[in-house]
Amino acid sequence: MTNSNKNSHKQQNVFKSLNFKRPRKNGQRHIRPEILIGLVIVLCILITAIALPNFVTNTRLKGLGYTNTEIKVIKKEKLTKQIIDNKYYSSSLAKALDNGSVNPDYLELYTVVKDNRELSADDFLLFNRLQDKGYDHSQILNLYKNLEFWEITPLLVFDYQWDETIYIDDCKLHRDTNSNQSFTLSNQFITPNQDTIVDNPSDMTVFINQNHSLPSDYVPSDLTTVDLQYASSGVQLKKESQENFEALSSKSIDQGVALFASTGYESYQNLTSIYNSYSSELASMYADIPGQSEQQTGYSVDVSPTYEGGPFSQTEVYQWLQANAAEYGFILRYPIAKATITGNQTESNQLRYLGKALSKAIVDSNLTYDEYYLLYLSGWSDENNIPKDSVLSATNYLKYLNEKSE
């Protein structure tokens, strides 16, 4: 063996002893099949873990009746668990989801109202006002399930009803004749003459009714005599209402439905004399109870047609006032068709000055002032019942406030 062969042989032995391997010609490594299968299984598990709950959720929501569009809103508003756990569904709720008006705080309310009814911020405010009056959750849901908004609002004026079903049945009994323009019931749901003395007698929005009285010693300031062209002798009103009444009366003359003020401010003492002049049976029909008369405020005025006779509610003047009084800041305080709510059947000719913005808001609402005040303007017994600003800001109430500030 030559020296070169010996050296070559020694080099090979050295490489072998160092366990060097020759590199593969293509430089690639092969992944073992079992590892590849494992990776695929893990990936499938991850995809399933992500997709399955979403699939199950969508299936359950679709099973309740929701569309893909509504399901997206439910998830966006984070209402999924609440809706699925309680099986909440109604066409009213679905419609609110579709148009983006759903209020998550009142989901159950959407499920009890009639299918064709769309809930508004005014409904939510009424819900909270009823809670503040003492009605529990189940009672309120029962009222909304069976009655319309305008059938429920009188309960703010009436006494608390321990058994709301009696009231519901009475409303249903009069469905053929009642509407948001006319409301009568068979039963009496208010106990009159419970003494509650108002604490803001001089405020323009002061609320006087059967159970809210003025202090006996209250005398309004800034009383002004109405021009004799528009009133009987000596009729007085607070200055702002006097000026607007004269403008109203002037307009009525221009349009051929002339009216004048027959009575304005009355003192507590004068009202007492008038009330005592009647027998006990007639006094409640034809005389104001001292302390419960809005004419003590200086913001109320009784009007009479200049050229018409007969029941005031059947005159052209009455019709004209219904259409035009709010333009001058007045409302017809005691509409004859809603005497069940106001408790006053004899003063359909009484106007109440509330300012132009508030008067228009009340007329637009189709509510009596009793209902409107207790729904939108009065204080709260428990501040925890006050709804969120998002509710208040969307109601007729804010519309009034905005117009008042302009």
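**Figure 1. Helix 7 and helix 17 in the lining of the second largest pocket.** In this predicted model, helix 7 and helix 17 (369-377) each supply at least two residues of the lining of the second largest pocket. Helix 7 gives the most, with three residues. The pocket has a volume of about 660 Å³. It is lined by 24 residues, and those closest to its centre are K133, L156, H212, L374 and S378.

**Figure 2. Helix 7, residues 121-133.** Helix 7 is built from 13 residues. From its first C-alpha to its last, helix 7 reaches 18 Å, close to the 18 Å expected at 1.5 Å a residue. Helix 7 is mostly covered, with eleven of its 13 residues buried. The buried residues of helix 7 are A121, D122, D123, F124, L125, L126, F127, N128, R129, L130 and D132. An α-helix has 3.6 residues a turn, so residues three or four places apart point the same way. Helix 7 is followed by G134, which has a positive phi, near 120 degrees.

Figure 3. Strand 3 (residues 259-263) pairs with strand 4 in the antiparallel sense, over four bridges. Within strand 4, V303 has A261 standing opposite. Strand 6 (residues 350-353) also runs antiparallel to strand 4 and is joined to it by three bridges. Here R352 of strand 6 has S300 standing opposite.

**Figure 4. The largest cavity and its lining.** The count of cavities of 30 Å³ or more comes to one. The largest cavity holds about 40 Å³ of space. Its lining is made up of W150, S179, N180, F183, K338, I341 and E371. Three of the lining residues of the largest cavity are nonpolar, two are polar and two are charged.

Figure 5. Y268 belongs to helix 12, which covers residues 268-276. Y268 has a relative accessible area of 26%, so this residue is partly exposed, given that buried means under 20% and exposed over 50%. Leaving aside residues up to four places away in sequence, Y268 touches S216, P290, G291 and Q296. Of these contacts, Q296 lies 28 residues from Y268 in sequence, and the two are 6.8 Å apart in space, C-alpha to C-alpha.

**Figure 6. The whole protein, for orientation.** The protein has 19 helices and six strands. Of its 406 residues, 43% are buried. Among the contacts with a separation of 6 or more, 58% are between residues 24 or more positions apart.

Technical notes. Residues are numbered from 1 along each chain as its sequence is written. This is a predicted model: local features need pLDDT of at least 70, side-chain atom pairs count only at pLDDT 80 or more; totals for chains, interfaces and linings use all residues. Side-chain values use heavy atoms; hydrogens and water are left out. The expected span of a helix is 1.5 Å times one less than its number of residues. Buried means under 20% relative accessible area, exposed over 50%, partly exposed in between (1.4 Å probe, protein chains only). Two strands pair if DSSP finds at least two bridges between them. On a 1 Å grid over the protein atoms alone, a cavity is a set of points where a 1.4 Å probe fits but cannot get out, and a pocket is an open set with protein on both sides within 12 Å along at least five of seven lines; lining residues have an atom within 4 Å of a point. Grid points are joined across faces, edges and corners, and a volume is the space filled by probe spheres set on the points. Ala, Val, Leu, Ile, Met, Phe, Trp, Tyr, Cys and Pro count as nonpolar, Asp, Glu, Lys and Arg as charged, and the others, Gly among them, as polar. Contact means heavy atoms within 4.5 Å.
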